[in-house]
Amino acid sequence: DQPRSRGLGDVYKRQGLDLGVYGAPETFLINPAGEIVLRHAGDLNARVWEEKFLPLLPAQAGQGKGGQ
């Protein structure tokens, strides 16, 4: 069973459309309240991570392994 073939309990695959999902790849940053903070359509590479995602994360979340 492929993980991408299931829609998180969305039997009719409509939830994604309601969220604005239109194609792959898409990456979402979701806060603890379950709200979408950032939606990125396209490749998630180091530049995109550093420019778009990292500034929105708490300082300790962006640190590499071992606190570097």
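Ile36 is partly exposed, at a relative accessible area of 38% (buried means under 20%, exposed over 50%, and partly exposed in between, with a 1.4 Å probe and protein chains only). This is a predicted model, in which local features need pLDDT of at least 70, side-chain atom pairs count only at pLDDT 80 or more, and totals for chains, interfaces and linings use all residues. Residues are numbered from 1 along each chain as its sequence is written, and side-chain values use heavy atoms, with hydrogens and water left out.

Ile36 belongs to strand β2, residues 36-41 (strands are DSSP runs of E with at least two residues, helices are runs of H or I with at least four, and both are numbered from the N terminus). Together with Leu19 and Ile30, Ile36 forms a nonpolar surface patch with about 260 Å² of accessible area. Patches are made of residues with over 30% relative accessible area and no salt bridge; nonpolar side chains (Val, Leu, Ile, Met, Phe, Trp, Tyr) are joined within 5 Å, and like charges within 9 Å. Accessible areas come from the Shrake-Rupley method with a 1.4 Å probe; for residues, only the protein chains shown count as cover.

## Salt bridges

The structure holds 2 salt bridges (a side-chain nitrogen of Lys or Arg within 4 Å of a carboxyl oxygen of Asp or Glu). One joins the side chains of Arg39 and Glu26, at 2.8 Å from N to O. Because Arg39 lies in strand β2 and Glu26 in strand β1 (residues 26-30), this pair ties together parts 13 residues apart in sequence. Arg39 is partly exposed at 32% relative accessibility, whereas Glu26 is buried at 17%.

Arg47 and Glu51 also meet in a salt bridge, at 3.3 Å from N to O. Both residues lie in helix α2 (residues 46-53), 4 residues apart, or about one turn of the helix. Glu51 is exposed, with a relative accessible area of 53%.
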